[in-house]
Amino acid sequence: MQALWMVLGALIFATMGVCVKIASAWFTSAELVLYRGLIGIVFLWVLARSRGVTLATRYPGMHAWRSLIGVFSLGAWFYAIAHMPLATAMTLNYMSSVWIAAFLVGGALLAWVPVPGRDGRIPRPPLQGPLVLTVLAGFGGVVLMLKPAVGDNQGFAGLIGLLSGLTAAFAYMQVVALSRAGEPEARTVFYFALGSAVAGGLATLLGGFTPWVEWTWRHALWLVPVGVLAALGQLCMTRAYSSAKTESGTLVVANLQYSGIVFAAIYSVLLFGDRIDAAGWAGMALIVVSGIAATVLRQRSLPKAPAEEH
């Protein structure tokens, strides 16, 4: 069942990406972040009350920092979805796993101290070969995917998409810290929704709301599933991780999140008529493989980690 929960969560996030891309025709990325946050606040408040989870926290600073980084990543991802093929934008965001592995394994190397153990032997530093190969494979996939997009003047959007994956990795590290501090998932996601509403609202005020004459209520209806699907997708992923009882089960669940790239590619071709050439498919495959390898490396360094967010 945990595998089915993860695949369902990946499908929901890919479907949310479809709604974001459609809504981007009438609303800015800042507005989408604002409305996703507002809808998420209501949805998660109801969920927290139904589970008996209080929203009071002893770590407001940690939540604020997590929300700041996460909102930046979310806005960058929405911008990439609006200006690039859906499959490309989704895949670049999934590069976060590669960045996380680089941070964890690289951090372990920086923290290594050649101090003899009880047996008198000096422990070896963590191996960097697998990490280097994983990162190179991931960026090789990025080059293959973005090569045709750069020719279409989408290089800036591709850079923003890469930035969304990088900042998502930073945000995930903060989620791990909050999880270790004992913060429940519903509370963490609620404060992220609150931060999205605040930051999205400020950015929208600075940039200006889209004039009412440029959209109708039919257009605005696309905003509702953006917030609802985001919350549902996160809950499915959390359920998948919590249902995995063994280390191998957790690895399977974590790797199945990459099915979201497949769903996004199908949506991209069927709904938006995007053409993905052989290099694009090869790039996606490389990123999926590197992401799986990165997940394995991460699991060794950080067992029982919470679910990622997209």
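A polar contact here is a pair of N or O atoms within 3.5 Å; within protein, one must be able to donate a hydrogen and the other to accept it, and residues adjacent in sequence count only if both atoms are side-chain atoms. Serine 50 gives us an example: its side chain reaches the backbone oxygen of leucine 47 at 2.6 Å.

Before going further, some ground rules. This is a predicted model, where local features need pLDDT of at least 70, side-chain atom pairs count only at pLDDT 80 or more, and totals for chains, interfaces and linings use all residues. Residues are numbered from 1 along each chain as its sequence is written, and side-chain values use heavy atoms, with hydrogens and water left out.

How confident is the predictor? The score, pLDDT, is its confidence in each residue, from 0 to 100. The mean for the protein chain is 81, and 82% of the residues reach 70 or more. Helix 3 (residues 60-83) has the highest confidence at 91, while helix 6 (residues 129-151) has the lowest, at a mean of 69.

Now the overall layout. The protein chain has 13 helices and zero strands, where helices (H or I, at least four residues) and strands (E, at least two) are DSSP runs, numbered from the N terminus. Contact means heavy atoms within 4.5 Å, and among contacts between residues at least 6 apart in sequence, 87% join residues at least 24 apart. Of the 310 residues, 49% count as buried; buried means under 20% relative accessible area, exposed over 50%, and partly exposed in between (1.4 Å probe, protein chains only). The accessible surface comes to about 14700 Å², and 70% of that belongs to carbon and sulfur atoms. Those areas come from the Shrake-Rupley method with a 1.4 Å probe, and for residues only the protein chains shown count as cover.

Let's go back to helix 2 (residues 29-51). The expected span of a helix is 1.5 Å times one less than its number of residues. With 23 residues, helix 2 should span 33 Å, and its end C-alpha atoms are 32 Å apart, which agrees. Serine 50 lies in this helix and counts as exposed because its relative accessibility is 58%. After the helix comes glycine 52, with a positive phi near 75°.

Tyrosine 35 is also found in helix 2. Leaving aside neighbours within four places in sequence, tyrosine 35 is in contact with Phe27, Phe209 and Leu223. Valine 226 is 191 residues from tyrosine 35 in sequence, yet the two are 8.1 Å apart in space, C-alpha to C-alpha.

A nonpolar core is a set of buried Ala, Val, Leu, Ile, Met, Phe, Trp, Tyr and Cys residues joined through side-chain atoms within 4.5 Å. The largest one has 56 residues, of which Met16, Phe27 and Phe78 touch the most other members. Helix 1 (residues 2-23) supplies the largest share of this core, nine residues. A second, separate core of ten residues includes Leu55, Tyr191, Ala193 and Ala197. As for phenylalanine 27, not counting residues up to four places away in sequence, its contacts include Leu32, Trp215 and His219.

Next stop, helix 7. Its 26 residues should span 38 Å at 1.5 Å a residue, and the end C-alpha atoms are 38 Å apart, which agrees. Just after helix 7, glycine 182 takes a positive phi of about 95°. Proline 184 sits in the loop between helix 7 (155-180) and helix 8 (185-207), and is partly exposed because its relative accessible area is 25%. The C-alpha atoms of proline 184 and alanine 48 are separated by 9.7 Å, although these residues are 136 residues apart along the chain.

Finally, look at serine 290, in helix 13 (residues 278-301). Is serine 290 buried or exposed? Serine 290 is buried, because its relative accessible area is 2%. Its side chain reaches the backbone oxygen of isoleucine 287 at 2.9 Å. Apart from neighbours within four places in sequence, serine 290 is in contact with Val98, Thr134, Ala137 and Gly138.

How values were computed: pLDDT is the predictor's confidence in each residue, from 0 to 100.
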